[in-house]
Amino acid sequence: MKIAFFSTKPYDKIWFAPMAKEYGFEIRFYEMPFQEDTVALARGYDAVCIFVNDYVTAQMIQQLYEMKVKALLLRSAGFNHVDVKAAEDKILILRVPSYSPEAVAEFAMGMILTVNRHTHKAYNRTRDFNMSLNGLMGVDLYQKTAGIVGTGKIGQAMIRICNGFGMRVLAYDPYPNQKLEAEYVSMAELLSESDMISLHCPLTSETRHIINRQSIENMRQGVYLVNTSRGGLIDTDALIDGLVDGRFGGVGLDVYEEEEGIFYEDRSGEIMRDENLARLMTFPNVLITSHMGFFTQEAMQAIAEVTLENAYAVENGLPLVNKVGTEAVKQ
Ligand code: NAD
């Protein structure tokens, strides 16, 4: 099988190249993203392998179909960046449904600890031998209330972590799992009761802007909000207004509504034209990271293994256990 990889970074090659060799796959690593003006590079390949910010439109799917590309291999669990409906009967879409839920959940808790206890600021201060503690006070998480939105694989890992911290854990999910050590409540109750809210639901038409002006108004004063899921879950304009009004104790964003083309790239020498992102950077209680919750050795290894297993299944007509179909999408 010949596979064209897009949006590849050095760390992708480290994991994929040796494994692909074992499978006998021929791989071409493109650093550029997969987008309208790079689709043509997929000509002659059996499959295209993409990452979270490679948005695939109906028109691009039609082009792939005409080039006889058989499969779109997602190096991610989320598939909101692909027009799944348009792909039906044209191209197979396969994803990595689970690689390391703990990687993302641990990162989410790390973000909460950072914005709460200001370790990022303390690190900078002590480098300058500024040992003052002024402005670095946080709160105990012990016996505080955590609100987990979405109790799938990552949400469950987050629930375990929050229980480990001795927190009361509330959860909201349209499909509750009564086996979890969490108390399911309505979204409204979760918003008004939680000292910390962590988002772990997928981005769908139902969850877009699940955090909006109204939901922010319903949150507790001084709440901590963490989003390691997808940027579109939060209405950024409403978030900024809430931050200006002093509603939040801290906000951790590993994802951002308009991250495409910005995240994963070094833009340090350029003028930042995204005004919302630039504004978010000005708040002392906001921590932004570049969609890296997944980024552990264990997760990278699992992503490479499952992606190539998916390719192998396509090549050999095996059951496609990780196929994404229209039934998975509520659009
Ligand atoms: P999952 O499919 O196991 O769980 C998602 C859960 O969300 C399900 O239980 C589902 O019922 C629930 N859900 C659906 N609609 C909801 C709604 N309206 N309100 C509340 N809950 C709802 O997915 P997962 O593996 O736990 O991943 C969750 C998300 O995390 C992914 O969709 C992806 O966007 C994101 N993610 C981010 C990173 C990162 O690096 N930051 C890495 C992997 C995944």
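Student: What makes the second largest pocket a pocket, and what volume does it have?

Tutor: The search runs on a 1 Å grid over the protein atoms alone, and a pocket is an open set of points with protein on both sides within 12 Å along at least five of seven lines. The second largest pocket has a volume of about 230 Å³, where a volume is the space filled by probe spheres set on the points, and points are joined across faces, edges and corners. Please keep in mind that this is a predicted model, where local features need pLDDT of at least 70 and side-chain atom pairs pLDDT 80 or more, while totals for chains, interfaces and linings use all residues. Residues are numbered from 1 along each chain as its sequence is written, and side-chain values use heavy atoms, with hydrogens and water left out.

Student: Which residues lie nearest the centre of the second largest pocket?

Tutor: Ser7, Pro33, Asn53, Phe263 and Glu265 do, out of 16 lining residues; a lining residue has an atom within 4 Å of a point. By class, the lining holds 6 nonpolar, 4 polar and 6 charged residues. Here Ala, Val, Leu, Ile, Met, Phe, Trp, Tyr, Cys and Pro count as nonpolar, Asp, Glu, Lys and Arg as charged, and the others, Gly among them, as polar.

Student: What makes a cavity, and how many of 30 Å³ or more are there?

Tutor: In a cavity a 1.4 Å probe fits but cannot get out. The count comes to 1 cavity of 30 Å³ or more. The largest cavity has a volume of about 40 Å³, and its lining includes Asn227, Gly231 and Glu257. That lining divides into 6 nonpolar, 3 polar and 1 charged residues.

Student: Why does Val226 count as buried?

Tutor: Buried means under 20% relative accessible area, exposed over 50%, and partly exposed in between (1.4 Å probe, protein chains only). Val226 has 0% relative accessibility, so Val226 counts as buried. Val226 sits in strand β10 (residues 223-227); helices (H or I, at least four residues) and strands (E, at least two) are DSSP runs, numbered from the N terminus.

Student: And why does Thr145 count as buried?

Tutor: Thr145 has 5% relative accessibility, so Thr145 is buried by that cut-off. Thr145 belongs to strand β6 (residues 145-149). The C-alpha atoms of Thr145 and Glu193 are separated by 7.0 Å, with the two residues 48 residues apart along the chain.

Student: Why does Tyr312 count as partly exposed?

Tutor: Its relative accessibility is 35%, so Tyr312 counts as partly exposed. Tyr312 lies in helix α11 (residues 297-315).
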